[in-house]
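Please walk through this protein model one region at a time.

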Amino acid sequence: MQISHTISASSETLTMALTIKEKKIVEGYLQPIRKFERQKIGPVIAENLMICATLYCGMADGEIMRQTIIEASKFVLAKFNHLGVNEIKDAFQMAAANEFEDVNMTAYFGQMSIATLGDILDAYTKHRNKTIAKYLELKDKAQKQYDKEVEKEERNNAARQKIKTDIEAAIISIQQGVLFWKEWQDVPIHYAEIAVAEGWVEVSPEFKKRVWDESKELAKRQLIETAKDHSNLLEARKAKQILMQNIESEIISEPAKRIYAKRLIFEYIKQHEL
C-alpha cells in the first residue's frame with residue numbers, strides 16, 4: 001500500500017516556512033495512522049517496523065522477530081496512531097543519531113521490544129510536538145489573513161453592487177421626473193471607473209469626448225476662480241501653478257479628471273430623462 005504524502009494547496013503554502021524535517025512531521029500530522037482502515041494500514045506499519053528492527057536494532061529475521069513485529073504493530077495502532085506511518089522510520093533514525101536525550105539505541109542492540117518501541121516513539125512525539133505547535137500557529141495566522149481577505153472581498157462586492165443599484169435607481173428616478181443626484185457634484189467619484197468597466201454604463205466615444213472637453217473647461221474655470229480667491233492663499237498659489245504649467249498646452253489636471261468621473265455618470269443618467 002502506498003501512503004500519500006500530498007498536502008492540500010493551503011497547507012503547502014503554510015509549510016513554506018518550515019524546514020524539510022518539519023514538513024515531514026506536518027505530513028504525518030495531516031495523515032495520521034488513525035485516518036486509515038486498520039486492515040489496510042496494519043501491513044504498512046509492520047513493513048516499516050520490520051525495516052527499523054533490522055536496520056536500527058540489528059534484529060535477525062526469524063519467528064521471534066515476526067511475533068515481535070505483530071505485537072509492535074498492534075501497539076502502534078493502539079498508542080501511537082497520531083503519527084504518520086512513515087514517521088516510524090524517522091523516529092528510529094533520529095534515535096540512532098542520538099537526537100533524543102532519554103533514548104540510548106546501544107542498549108537495545110540486537111532486539112526490539114515493545115518497551116524499546118515505546119521509548120523511541122514517545123521521545124519522537126515530544127520532539128514533533130514543537131513542530132506541530134509551530135505549524136498550528138502558522139495555520140492560525142494564515143486563516144486570519146484569509147478571513148480578512150474574504151471580508152474585504154465581501155465589502156468590495158457589496159460596494160460594487162451599491163454602485164449598480166444606485167445607477168439603476170437614478171435612471172428610474174429621472175424617468176419619473178425626480179433627480180437621484182441633484183447636481184453632478186453629488187455623484188461619488190469612484191462610480192464611473194467601476195460602472196464603465198462592468199458595463200453598467202455604456203457610452204459612445206463621442207459622448208466621452210464631449211463630457212471630457214466640458215470637464216476640462218469646468219476645471220479651468222474653477223482653477224481661475226481659485227487663483228483669484230485671496231481668502232485662501234495656499235490654494236490660490238497651487239491653482240496659479242497649475243494654470244502656468246499648462247498655459248501653452250491642453251489642461252489635463254486632476255481636477256478635470258475628478259469632474260469627468262462625476263459628470264460621466266450624471267450625463268449618462270440625464271440621457272434617460274423622458
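The buried residues of helix 5 are Glu 87, Ile 88, Asp 90, Ala 91, Phe 92, Met 94 and Ala 95. That makes seven of the 10 residues in this helix, which is therefore mostly covered, given that buried means under 20% relative accessible area. The model is a predicted one. The cover over these buried residues includes helix 2 (20-30), helix 3, helix 4 and helix 6.

Just after helix 5, Asn 98 takes a positive phi of about 60°. Most residues other than glycine have a negative phi. Asn 98 sits in the loop between helix 5 and helix 6. Is Asn 98 buried or exposed? Asn 98 counts as exposed because its relative accessibility is 57%, and the cut-off for exposed is over 50%.

The wider fold can now be set out. The secondary structure consists of 10 helices and zero strands, so the order of elements from the N terminus reads α-α-α-α-α-α-α-α-α-α. Of the 274 residues in the protein, 37% are buried. The accessible surface comes to about 17,100 Å², and carbon and sulfur atoms account for 53% of that surface. Among contacts with a separation of 6 or more, 77% are between residues 24 or more positions apart.

In soluble globular proteins, nonpolar side chains tend to be buried together. Here the largest nonpolar core has 33 residues, and those touching the most other members are Ile 45, Leu 49, Val 76, Ile 88, Phe 92 and Met 112. At least two residues of this core come from each of helix 3 (38-55), helix 4 (63-79), helix 5 (87-96) and helix 6. Another core, of 27 residues, lies apart from the largest one and has Ile 171, Val 187, Val 201 and Tyr 260 among its members.

Which residues does Val 76 touch, not counting residues up to four places away in sequence? On that count, Val 76 touches Ile 33, Ile 45, Leu 49, Asn 81, Ile 88, Leu 117 and Leu 121. Ile 45, Leu 49 and Ile 88 are also among the core residues that touch the most other members.

Ala 46 lies in helix 3. Leaving aside neighbours within four places in sequence, Ala 46 is in contact with Ile 69 and Ser 73. The C-alpha atoms of Ala 46 and Ile 69 are separated by 6.0 Å, although the two residues are 23 residues apart along the chain. Glu 71 is in helix 4. Between Glu 71 and Ala 46 the C-alpha to C-alpha distance is 9.4 Å, with 25 residues apart in sequence. Glu 71 is partly exposed, because its relative accessible area is 40% and the range for that class runs between the 20% and 50% cut-offs.

Helix 6 covers residues 114-175 and includes Thr 131. With a relative accessibility of 6%, Thr 131 counts as buried. Not counting residues up to four places away in sequence, Thr 131 touches Glu 22, Ile 25 and Val 26.

Rolling a probe the size of a water molecule over the atoms shows where empty space is left. The structure holds one cavity of 30 Å³ or more, and the largest cavity has a volume of about 50 Å³. Its lining consists of Ala 170, Ile 174, Leu 179, Phe 180, Trp 181, Phe 266, Ile 269 and Lys 270. By class, seven of the lining residues are nonpolar, none is polar and one is charged. Helix 6 and helix 10 (254-270) each supply at least two residues of the lining, and helix 10 gives the largest share, three residues.

Helix 10 also holds Arg 263. Is Arg 263 buried or exposed? Arg 263 counts as buried because its relative accessibility is 7%. Not counting residues up to four places away in sequence, Arg 263 touches Trp 184, Val 211, Glu 214, Ser 215, Leu 218 and Tyr 268.

Key: Residues numbered from 1 in each chain as written. Predicted model: local features only at pLDDT ≥ 70, side-chain atom pairs only at ≥ 80, totals over all residues. Heavy atoms only, no water. Helix = DSSP H or I, 4+ residues; strand = E, 2+ residues; numbered from the N terminus. Buried < 20%, exposed > 50% of the residue type's maximum accessible area, 1.4 Å probe, protein only. Contact = heavy atoms within 4.5 Å. Areas by Shrake-Rupley, 256 points an atom, 1.4 Å probe, with all protein chains shown as cover. Core = buried A, V, L, I, M, F, W, Y, C linked by side-chain atoms within 4.5 Å. 1 Å grid on protein atoms, 1.4 Å probe; cavity = no way out; pocket = protein on both sides within 12 Å on 5 of 7 lines; lining within 4 Å. Points joined across faces, edges and corners; volume = space filled by probe spheres on them. Nonpolar A, V, L, I, M, F, W, Y, C, P; charged D, E, K, R; others polar.
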